[in-house]
Amino acid sequence: MTVSLFKIGGIWHYRFQVAPNPRVQRSTKLRSKAAALQVADRAYSNAVERANGGEPMPTLSEVIVEWFELRAPISSAAHIRSVDVFKRLHTYDLGGRLISDIDTEAVERARAQHLATHNFASANHWLRVLKLLVNWAVKRRILARLPWDVAMLKVQKRPRAILPMSVVMNWFEQVDRASSRAAGVGIAVRLMLWLGLRESEAITARWEWFDWERRTYTPGITKGREADALRLPRRLAEYLEPMHQIDGLVACQPDGQAFGPGFCRLAIMAANAACAIKGITPHRLRGTIATMMSEEGVPVQDVQRYLRHKDVRTTMAYLEINMDRVTQAQDRITGKIENHGEKMAK
């Protein structure tokens, strides 16, 4: 028996039976007969392959569903958000394809669709998520290898903002003013600057992870799963001590619930506007403290340890050029050239 289609209330359904299994009858949830036939044929082919002892090749959409079932529980919130956005908005024509049929041309066409409304950096992120999903199928030996070869696009690097030291205290005051109904926002941004915490690490920061005798804080939930003690700067310690508790979240909503992603965006934007600066984000606070340390002579290996990066190259990407030191060097070079010219003239 082959698959047969029938209509109920404008929606196409299919039924078939592959012996010795019972008959299958399901809705395609589609009104187009051609599209419904593709879904039905796919379901029938899978059933036949299973009946013969094989494992059917999944579509990209099916891989995504399995990824959420098996990998999401052990993945970071940021990772889950990326795959969720990809699933809802960016599968384009690839969702219904067998992953073995997603070749170079198919990926490049889908990326071109993405580029119609997104920039190169977004397209590279899109490609990383696609690789993540299909490489997961490769690890499970559903595929022998990635069935396409598409390189990342070259992205023009943009200048990144650093919070000027001269406005730090005023900037904090403006954050507090903009978040007066949620004091936890001001606490969180101070943790992000003085300790170099990621936004997710500030959200999950807990009082029991402080060692007040040793003046250290050890993040207990981190991106890299490490648990390295960070020295508390004096100003941060003085700020936090009056509100010190035995346990619980350090920065939270007024009702005690944890903040969600992006919780401090509006307060930071208001502080940026009040201080006449642009580009400061939660992650740029992390870049700011890294650059400040480097300017004070801290070796890059120590900054790497402070930010908890696995690769020193990641740390180096955080460090901005100290233009004051460059200017001083330029002046010294100019002076040497002028002195040399004067000696030659004599």
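# Briefing: strands, a helix pair and a buried threonine

Helix α4 passes helix α5 in a right-handed crossing (a crossing is right-handed if the near helix is turned clockwise from the far one by less than a right angle, and left-handed if anticlockwise). The contact is made by V107, A110, R111, H114 and L115 of α4 together with F120, S122, A123, W126, L127 and L130 of α5, where contact means heavy atoms within 4.5 Å. The model is predicted: local features need pLDDT of at least 70, side-chain atom pairs count only at pLDDT 80 or more, and totals for chains, interfaces and linings use all residues. Residues are numbered from 1 along each chain as its sequence is written, and side-chain values use heavy atoms, with hydrogens and water left out.

**The helix pair**

- Helices (H or I, at least four residues) and strands (E, at least two) are DSSP runs, numbered from the N terminus.
- Two packed helices are described by the angle between their axes and the distance between the axes.
- Helix α4 spans residues 104-115 and helix α5 residues 120-139; they pack at an angle of about 140°, with their axes 9 Å apart.
- Axes are lines fitted to C-alpha atoms, for helices over the stretch in contact, and angles run from 0 to 180 degrees between N-to-C directions.
- The two helices α4 and α5 are therefore oblique to each other (angles under 35 degrees count as roughly parallel, over 145 as roughly antiparallel, 65 to 115 as roughly perpendicular and the rest as oblique).

- Strand β1 (residues 4-8) runs antiparallel to β2, and five bridges join them; two strands pair if DSSP finds at least two bridges between them.
- S4 stands opposite R15 in β2.
- A hairpin is formed by β1 and β2 with two residues between them, and G9 in the turn has a positive phi of about 60°.
- Five bridges also join β2 to the antiparallel strand β3 (residues 24-30), and Y14 stands opposite R26 in β3.
- Strand β2 (residues 11-16) is mostly covered, with five of its six residues buried (buried means under 20% relative accessible area, exposed over 50%, partly exposed in between, with a 1.4 Å probe and protein chains only).

**Strands β4, β5 and β6**

- An open sheet of three strands has the order β4-β5-β6, with antiparallel pairing.
- Its edge strands, β4 (210-211) and β6 (230-231), each pair on one side only.
- Two bridges join β4 to strand β5 (residues 216-217), and F210 stands opposite Y217 in β5.

**Threonine 288**

- T288 lies in helix α11 (residues 282-295).
- T288 counts as buried because its relative accessibility is 0%.
- Leaving aside neighbours within four places in sequence, T288 is in contact with I162, L163 and L193.
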